[in-house]
Amino acid sequence: MILFSYTSNVHAQISPGNLTFAHANLEGLSNCTKCHVLGKQLENSRCLACHTEINAMINQNKGFHSSLGVKNKKCWECHSEHHGRAFRIINFSPDNFDHSITGFALDGEHSQIKCQECHQDKFISNSLFKKRKDTYLGLSTKCVSCHQDVHQNTLGNNCSSCHNTIKFKPAALFNHNSDAKFKLTGAHSKVECIKCHINEKLNGKQFQKFVGLQFKNCTPCHQDVHKRQFGENCIRCHNVESFKEMNRNSFDHSKTRFPLEGAHLRVSCTNCHGKDLLSKPKFTECIDCHKDAHFGEFTVNNIVTDCKKCHNVISFKTTLFTLAEHNKEGFRLTGAHLAVSCQSCHFKKVLRQWHFMKIGERCIDCHENVHGVELTQKFMPDNKCESCHVTESWRTINFNHNITGFKLLGKHDSVSCNSCHEVKNEAGKFTFRFVSLHSNCTTCHNDIHFGQFNSEKIKKVSVCENCHGFDNWRPVNFDHEKTNFPLKGAHEKVSCFSCHKKITKNGNVFIQYKLRDFKCATCHA
Amino acid sequence: MNKKLHTIYIASFFIVGISSTLLLVINGYQYYNTPLLTRFFNPQDILLKPSGFIGQGLGVLGSLMMILGVAIYMIRKRVRYFLHFGYLKNWLELHIFLCTLGPIFVLFHTAFKFGGLVAVSFWSMTAVVLSGIVGRFLYVQIPHTIQGQIIGMDELNAQNENLSHQLKEVYNLPTRIFEEIEQISSLKRHNSPKLKIGIAFLIKDFFGTKSVIHNLKHELALAEVPKSKRKSIAKIVKTKLIFSRRIGLLKTMQKFFRYWHVVHLPFAILMFVIMFIHIAVTVAFGYRWIF
């Protein structure tokens, strides 16, 4: 009896131990059958008779207690009793709890946050749990039960159809092309959402509008830079790839007063219509758009000659100005000029500009005078090349040589001009010599007689014409009778070379014609 | 039951008792060491908790052992029909075995958690076991026949005389030593002390006897008594000393033993009453173990 009274749990009588604080009101012999069933140990029905909220969730097949591994368990398998007041009847460890079995798996950002961030009174929708302390029950799986509906119920409450749990923005699960009536095509797919879905105020709160946007035409979102000049059907001219890229398939420029042809087809619209395409350019004259590349050369009395006279729309460089028209304009293109490209005469290489007017008609305006001082005013009056040359060919010379005082007789008439006039200078280059060219034979020909027939008056100048003519080298003008030794007798029949032998003098080998000693023994032995 | 069979009989008790206890300790050491507040979450709880398969089984087995241990001894001792059914000494040994191992099983059944009304039963059981150990010691102090009957003073004196005769005549113990032994084992030294003094004397004499035997062996060696005789002489002297002590303390011990019964029996009854209540409640709530 002493021991009986000593026992601290006398009042507990046959209880195997104290109940937890949660069940402390059930202590006492009379309360045993509130939990225990006679002959049947413990049954869930007794627990659920009090824990109606759990019972309700199980009946609705919701929550942790309805999960596969828990549903068919006995309550006492997890929630034991009679282990003392401080016993953790709910052995819940937030760090090890597999939240997925509650029917709401924690993924994405949900897996990073603390339990209490969601399990708060203010988020509990079920009134049964609202006032309970430290409960993990009563939360709805709907996003809006914890998160503010920033869309203010304009998009329904199925948040997960657009958002995932990783990040609220952007709505990663939302596919504008399949989920919205307005498909994002072209440049629309690159535009930030806020550009179309602007922030506004609704019910006094900041609100981004996602539904109710007008998109029958472009102007609800895009400014009509044409100020309704072209109506509301923007896609008639524009496409969704770029505002600046015209919809050539639907916009037909040929229906305008200025059909696009040739190179105009490849030109950007903004080149003519300005950056905002608001410009309505004049198109009567080419210079309404194009710069006058000729620097006013074709402007006469402030009137610009129509470009079409020379150019077409295919290419500026392709000219319509024909040779016939060129020949009408004053400088006739003849001979080799017909084969020369325009730029040879009209493109000034230094200025790198084309010039067509007043470029001069004289040969030297284009050609270099290669003769310099060799041709005097007498032979090239006023620098006129045509006194000798013709346009057919530079080398075709039309010149009367007789005016030079050196008539072209005999063979001279048939040799080319270059034979006499083209000579090598000291630098080894061929130059033309005209006035500086002597009329002496030895200027062109070699003196094979080595000065034997030099003029007595003018030393060093041979008097070839005393013996030779112009048709060949035969000494047709030579008469032996007129020499100091006329040929007589047998001398007439003797070969010339019997008397005029080859000699070597000063290293030169030649036939000696000028003999001084006429003694017989000089020739005869 | 001859001596060899008795040794096997006792050894089997020790082996079963000790191995069962060790097995329970080793198997449940980690669980039983777990604090009560967290024990439920231990994986072994489902088996070792008081209502678990092993836990409750130990309770059932332990209770049956105690019931059996008490019943057979009581029946053998008190029912006339069984008065000559085996030696009472052997039944007592079986009683001690069953009523020692039974409580050990019950102890593990409780999983060392003591609370509620059943705790009274447990502590009663503890008191019964502890008093049983004391009782076993007292029982030995009162000379009994092998049938358990108390030997009278005259017969004890006669047996004591017989031992003295053996020492003097058979072993030719040197006179000096013999007289010294006679003096030490004189019945005068006891003089039927009171209970408290008797227990103190008992303890003192228990250790004093060992000292005397040690010194005796030394003296016998000095007296050049053959070694083979020395051991027998020491055994007889030890028996003689214990005899003289028991004779001297017989009245005191008999008185003490009566008091002991007052403790041992009521606690046993209390234990069984509460135990049956506990069993009844358990069964009523459906905890029937394998039944």
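Here is a short briefing on the complex shown above. It is a predicted model, in which local features need pLDDT of at least 70, side-chain atom pairs count only at pLDDT 80 or more, and totals for chains, interfaces and linings use all residues. Residues are numbered from 1 along each chain as its sequence is written, while chains are lettered from A and ligands numbered from 1 in the order in which they are written.

**Confidence**
- The predictor assigns the complex an ipTM of 0.71 and a pTM of 0.54.
- Chain B has an average pLDDT of 84, and 95% of its residues score at least 70; pLDDT is the predictor's confidence in each residue, from 0 to 100.

**Chain A**
- You will find 18 helices and twelve strands in chain A; these are DSSP runs (H or I, at least four residues, for helices; E, at least two, for strands), numbered from the N terminus.
- Of the 525 residues in chain A, 4% are buried, meaning that 20 or more other C-beta atoms, placed from the backbone, lie within 10 Å of the residue's own.

**A hairpin in chain A**
- Strands E3 (residues 199-202) and E4 (residues 205-208) of chain A pair in the antiparallel sense over four bridges; pairing requires at least two bridges found by DSSP.
- Glu200(A) stands opposite Phe207(A) in E4(A).
- Two residues lie between E3(A) and E4(A) in this hairpin, and Asn203(A) in the turn has a positive phi of about 55 degrees.

**Where the chains meet**
- The contact involves 21 residues from chain A and 20 residues from chain B, with contact defined by C-beta atoms, placed from the backbone, within 7 Å.
- On the side of chain B that touches chain A, H6(B) gives the most, with six residues.

How values were computed
Buried ≥ 20, exposed ≤ 12 C-beta atoms within 10 Å, placed from the backbone. Contact = placed C-beta atoms within 7 Å.
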